[in-house]
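Please read the sequence alongside the coordinates before turning to the report below. It takes up a helix pair, a sheet and the nonpolar cores in turn.

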Amino acid sequence: MAASQSGKSGYKLVVVESPTKAKTIRKFLGPDYVVESCMGHIRDLPQSSKDIPEKVKKEKWAQLGVNVDDNFDPLYCIPKDKIKVVKNLKDKLSGANEIFLATDEDREGESISWHLVEVLKPKVPMKRMVFNEITQEAIQKSLKDTRQIDFNLVRAQEARRILDRLVGYTISPLLWKKIAYGLSAGRVQSVAVRMAAERELERLKFKKSIYSGISAELEKDGVGFEAKLQSVKNTRVATGKDFDSDTGLLLSGQNVTLLDHKKAEEILSQIKNLNFTVDEVDEKPVSRKPAAPFITSSLQQEANRKLGMGARETMQVAQKLYEQGFITYMRTDSTFLSQEAIAAARKWISQEYGKDYLPSQPRLFDAKKAKGAQEAHEAVRPAGASFVHPGETGLIGAQLKLYEMIWMRTVASQMVDSRQLQVSAKIKSGDATFSASGMTIEFPGFLRAYVEGQDDPEAELAEKEVKLPLLKKGDKTKTNKLVVTDHETKPPARYTEASLVQKMEKEGIGRPSTYASVIGTIIDRGYVRKQGSALVPTFTALVVSKLLNKHLPEYVDLGFTSGMEQSLDHIADGDLDSIKFLKQLYNGAKGLKASVEKQEKNIDPEEARSIHFDNLPGVIFHVGKYGAYLTTHRGEDKVNASIPDAEAPADMNMETVNRIIEQKLHGQDSLGKDPESDKNVYVLSGRYGPYVQLGENDEKPKRVSIPTGTDPTQVDIKKALQLLELPKTLGKHPTLAKDVKVGIGRFGPYVVCEKDYRSVPKGQSLFELTFDQAMALLSTPKKGRGGRGAPLKILGQHPVTEDEIQLLNGPYGLYVKAGKVNASLAEGETADSMTMEKALELLNVKMDLKPAKKSSGAKKTKKKSSTTKKTAKIIVSTPEKQQVINPIKLRKK
């Protein structure tokens, strides 16, 4: 649509961040508007020395990208991949009579708008339009209620960007010198690493405690129920909460009876022939209120718990939903719902569940912002004055699941309380007292729509109810079974993405809009790895956290980091001068620069890159160029051995250490011999996990990874020989006449033909995979980096090119594909409405245009583009130079 508008003159230019957002907004604007995407930030601090202009390259601050000697003046440049974007915007602006900046209404969005003005230098009127949902009403309203750029928000974003650059570029080189090259530090990232590392050390210190109890299966009036031993001779029986996790002993001052298995057996034998009599019954009606609508952090946590989505994936999917007009803006700290949202929710409640579920008055949630919250918006909710039902959106996959969760949570937040009846009973047998508890839902209320932690509210309702028979004092119960139960205390759980987000929010570390990128960064840079849903810290995380805690404690201190966030908030509110803040943090005897320079002299590299655990005397763990390794002694000799990546620090014990050392010194005991080669077969463990090996190390042996989920100790000679057959030829490709093979690599099982790989689905046995199944996998389109997977539909064959026409879902929405030609679906089209005829119409237009790219005109354009690229200047600009729209200086000096 933009292409057809580019020839118009006197139109209004609207600039947004993404093509999807532009596509959605175009639907609500008339022919007098041209909507273009700037693809996010068009300027940033230099990412490498190549971006730094020659005239400042020799300056001592050039690598920082910030002139720390001149009031922290930032060096902004246009990245190479944004040069064409900027040229397109300038071309569009040349024919416009007005420009509307429609970037997101937060600090980042405000900053993008300011950079656009700085680079485009519009000579026509500029207006800032803001909205928190992309609907017809919201867009039309924002056009009428425009404003100017909020420079307090711009200052806060610029201060954050500069602060992150100063911390990262000042501390990271210290880690390179003292631990290992390539490590990184970050203002929020390093605090997150510290939290994960400290939890791992808590697990390491943890002392397990063992205790026993008795479980009774009782029955009354044909209804069975469970009761557990609560006390003996009126003294409470010890449970997990009564133990000290550091010592494994009972906490002092606890008047409890500790039962081991033998004592529990003695009590059981004393009561097994006695009556069980109800001694006390207590009924308590309770009610539960629904949770507030989602804010950014609660959305990330719940998507992780219910949908198994990471914080980064959640925000990517939410961004697409927002840009397509399905939800309100997803970066928010407010639980506030507008009157139109409340009315829409109440309408759905009345229609879907009936008037009994509709409270007499709307439920209002406190709009007060969370600790250190940023700009307040509405809660994350379905967009518009009438919520689109999930089943009517045309969405699929992760987008549908996330939208449905947001829809249900929003509607549930306006429903009546659930009413429950809690029943507890004490039942005596001799000197022993047992307790039983139950809960019945008398009226589900909001639970009909949404229950935290489950996808199916109806199933969750059944699971939550624990029904007891009608009990009254003096009733005798039938004893069906008595068993001794053995228990052990558990170490503190490792953080998941959900619990880490929750902890960061509680402490005021970072902001909800940054949680996803922070967690993504510490995973990508090897500080934690995902094991199921748990974030397991690596040895690198432990040594880096140790160094920063010891030598630069302020920069990983929760209170200090939270204070920095609050200072940025004060800048956004106009209550703090950004330059003064940066000077205080960076300069002076106690500033960042001086602290790092001073501590660098005090850090011994050998000590910095090593760590030892109290429970493993004589063993030292190190981080080196090739990963983690341990050193210890065998007699007079010092021995070192690499630690497999799969070994978690808190799970290390002497048995594991000895196994790693023995494997290094003597190799693994052979499982047996391969009957064909007569070579020994071993099960070994390396940096990337366990594997089987054929032959000795000095003869370049064949190695094959053991599949994830297979216990290496359970691999016998038969299983090992099966693995060593891989990659295994299944047959010849019918058209390529090349071998089709199945194998297993670092990233899991695969099938391959002529370097064309496909992953084998989870649950499919490698050794039972047939040739036909392998061919079916190879015929499935490869999943690309943009998240495109198998086609949603095969529409048919193109009559001219004979290519298969597929309907796919990409990062910018639905599109059709034939060969190498892609075409986005027209506005309003869904997966269900797309037909072969419509697909051909879209693709034929693209195919007709394709030959034009090879014309002389195209070559001329290419040459012109090359000239543009050659003459494009790196733009160095500070907010003071902004004159057109800002009558006062943006940055105070």
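## Helix packing, sheet and cores

In this predicted model, helix H9 (residues 296-307) packs against helix H12 (residues 397-412) at an angle of about 115°, and their axes lie 11 Å apart. The crossing in which H9 passes H12 is right-handed. On the H9 side, Ser298, Leu299, Glu302, Ala303, Lys306 and Leu307 take part, and they meet Lys401, Leu402, Met405, Ile406 and Arg409 in H12.

An open sheet is built from 4 strands in the order S17-S18-S19-S20, with antiparallel pairing. Its edges are strand S17 (610-611) and strand S20 (637-642), each of which pairs on one side only. S17 runs antiparallel to strand S18 (residues 620-624) and is joined to S18 by 2 bridges, with Ser610 standing opposite His622 in S18.

| Core | Size | Residues named |
|---|---|---|
| Largest nonpolar core | 171 residues | Ile179, Ile327 and Phe621, those with the most contacts inside it |

Ile179, one of the residues with the most contacts inside the largest core, is in contact with Val543, Val544, Leu547, Ala608, Arg609 and Val623, when its neighbours within four places in sequence are left aside.

Methods
Residues are numbered from 1 along each chain as its sequence is written. This is a predicted model: local features need pLDDT of at least 70, side-chain atom pairs count only at pLDDT 80 or more; totals for chains, interfaces and linings use all residues. Side-chain values use heavy atoms; hydrogens and water are left out. Axes are lines fitted to C-alpha atoms, for helices over the stretch in contact, and angles run from 0 to 180 degrees between N-to-C directions. A crossing is left-handed if the near helix is turned anticlockwise from the far one by less than a right angle, and right-handed if clockwise. Contact means heavy atoms within 4.5 Å. Two strands pair if DSSP finds at least two bridges between them. A nonpolar core is a set of buried Ala, Val, Leu, Ile, Met, Phe, Trp, Tyr and Cys residues joined through side-chain atoms within 4.5 Å. Buried means under 20% relative accessible area, exposed over 50%, partly exposed in between (1.4 Å probe, protein chains only).
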